[in-house]
Each structure stands twice: as C-alpha cells, then as structure tokens.
Amino acid sequence: MKALLRHQIEYYSARAPEYDEWFYRQGLYDHGEAQKRQWEREAQIVRDQLLGAGRFAQVLELAPGTGIWTQELVKIGERVTAIDASAEMIAINRAKVRSDRVDYQLADIFRWQPQIQYDMVFFGFWLSHVPADRLSGFLTTVHRALKPGGRLFLVDSQKAEQSTSAEQDIETRDDLQKRILNDGRQFEIVKIYYDPAALTRTLRAHSFEIDVRATPTYFIYADGSKSG
Ligand SMILES: C[S@@+](CC[C@H](N)C(=O)[O-])C[C@H]1O[C@@H](n2cnc3c(N)ncnc32)[C@H](O)[C@@H]1O
C-alpha cells in the first residue's frame, strides 16, 4: 500500500504541467463545446456554494494541486495553509495564485498532523484518491484539524462518461485506475467514486454535520461543519 501512495505522488508530480487540461476541458479532455459548458455550469454551482460560505480566518486546503480551488479559497480566507506532497504541483499553484496569504507546505497528508485548528478545511478531488482502508484515519485527522463548529467543504468526481478521457482512465481493479500521461507514461492510482448518501453516512459517523449533494452529472460536493 505504501508503494501505491508513493506512486500516486509520483503520478501527480509528473502530471502537474498537464493537470489543468482536465479541469478546463482541453486536449484529451475536450469533448466539445456543449460538454464544456455543462461542466463549467456544474463547477459554478460548487464555486458559488463555496464563495457563499462566508469569511474564514484560517483555511486549510489539503492536496491543493495546481490551485484551481486555492484561487477561490483566498477570496474567503484570511490565511490559507496548502498541503501537498508534490513540489511540482506547489510550484504551479504558487505561480497561479500569487498570494502571500497562502502558506505552502510540502508534506504527505498520511503522515501530517495539524499543529493548530482551522476555521475551514477544504479538499477538492482528493477524497477519491484516499484508499478505503485509510479513509477513517484521514477523516479523523480532518476532524482534529478543525475548530469546534469549523466548516468542512469538499468536492469530488461523480462517475460520468466524458468526465475524464476514454484513453486515459481505465479501471484496472476495484478502486484502482490506470492513468496515462500525454507522453504515454503509465501509472496506477486509487480512484473511488462515492455515492452521496453513503458518503454522508460515513462523514456523519466521523462527527461531521454534513450532507453530500450531487450536481446533475459531474460532481459531488459537501458543505457542513464539525459537530463533535
Ligand atoms: C486530483 S489532484 C487534486 C488537486 C486539486 N485539489 C484540484 O481539485 O484540482 C490530487 C493532489 O493530491 C496530491 N497528493 C497525492 N498524494 C498525496 C499525499 N499522500 N499527500 C499530499 N498530497 C498528495 C497530488 O500531488 C495532487 O496535487
């Protein structure tokens, strides 16, 4: 399992320069204008919910990647702590977000422990990469990282055709996908698609007051708080 987690970090480091093609529907992820418009409409539902969440003094973003969501979090957070295990991802994020209110930390989330408690914890397209047998430990860390009543916000993938690219994401075994970079390099990573109701139950069992919702086709998202 340790090798799989390491492999996952190597994959995202190698993918960093081309990562945004996925979210902005370019290259292999370009499925035409209509699909792009629908994707963007659904992303906007999530963005609006996040930007409407209020203002927060201390925000923790786990696995921020290239900064697609960091650039939103700096609009609602006084300070953002962004923790990612890939230096390549952090470099792109830093160049994109260009804010001295973001503190970047290069760390493996599965070894990291919070030193303070935050007003909000956010993670985008990360939970689906947490191996099933690490989920409970990860959610316990998130709970510990939040102040009492602190906000939890997550967004992730629904299993949908054209969410990725047929050439790139091939299910190999349960919870695993084969990913191929533009230059042909291959990796195997964890990818778990959550049913909103089941994930709501799991989050509630870890003392979060939260409901997981779905956009029409592409995303699941949850906006709630630490209850215990
Ligand atoms: C699918 S990307 C999500 C990026 C960003 N949150 C977004 O929504 O676009 C997953 C991110 O997790 C990071 N990552 C993978 N394994 C990690 C680990 N063990 N600890 C910290 N970050 C990790 C990768 O470097 C990558 O930036």
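**Helices, hairpin and ligand: a chat**

Student: Okay, which exposed residues sit on the face of α1 that is turned away from its buried side?

Tutor: That face of α1 carries K2, A3 and R6 as exposed residues. A residue is buried if 20 or more other C-beta atoms, placed from the backbone, lie within 10 Å of its own, exposed if 12 or fewer, and partly exposed in between.

Student: Anything to know about the model before we go on?

Tutor: It is predicted, so local features need pLDDT of at least 70 and side-chain atom pairs 80 or more, while totals for chains, interfaces and linings use all residues. Numbering starts from 1 along each chain as its sequence is written.

Student: Back to the helix. Which residues of α1 are buried?

Tutor: L5, Q8, Y12 and R15 are the buried residues of α1. They are on the same side of α1 because they cover an arc of only 95° around the axis. The arc is taken from the directions that lead from the helix axis to the C-beta atoms.

Student: Why would residues three or four places apart point the same way?

Tutor: An α-helix has 3.6 residues a turn, so residues at that spacing end up pointing the same way.

Student: And what do the buried residues of α1 pack against?

Tutor: They pack against α5, residues 87-97, and β8, residues 186-190. Contact here means C-beta atoms within 7 Å of each other.

Student: Let's look at α5, then. Which of its residues are buried?

Tutor: For α5 the buried residues are M89, I90, N93 and V97. These also lie on the same side of their helix, since they cover an arc of only 95° around the axis of α5.

Student: What covers them?

Tutor: The cover over the buried residues of α5 includes α1, α4, β2 (77-84) and β3 (102-106). There is also a detail just after α5: R98 takes a positive phi of about 45° there.

Student: New topic! How many residues surround the ligand?

Tutor: There are 20 residues around the ligand, and the closest are Y12, A63, G65, S86 and G124.

Student: Which other residue has a positive phi, near 65°, without being glycine?

Tutor: D175 has that phi. D175 is in the loop between β6 (170-171) and β7. With 16 other C-beta atoms within 10 Å, D175 is partly exposed.

Student: What happens in β7? How many bridges join β7 to β8?

Tutor: Five bridges join β7, residues 176-180, to β8, and the two strands run antiparallel. Strands pair if DSSP finds at least two bridges between them.

Student: Which residues of β8 face K178 and R179?

Tutor: K178 stands opposite E188, and R179 has F187 as its bridge partner.

Student: What about the turn in that hairpin?

Tutor: The hairpin of β7 and β8 has five residues between the strands, and G184 takes a positive phi near 95°.

Student: How far apart are R41 and P216?

Tutor: They are 175 residues apart in sequence and 9.9 Å apart in space, C-alpha to C-alpha. R41 lies in helix α3 and counts as partly exposed, with 13 C-beta neighbours inside 10 Å.

Student: And Q26 and K226? What separates their C-alpha atoms?

Tutor: A distance of 37 Å, with the two residues 200 residues apart along the chain. Q26 is in the loop between α2 (20-23) and α3 (33-51). Q26 counts as exposed because it has 12 C-beta neighbours inside 10 Å.

Note on methods. Helix = DSSP H or I, 4+ residues; strand = E, 2+ residues; numbered from the N terminus. Contact = placed C-beta atoms within 7 Å. Near = placed C-beta within 6 Å.
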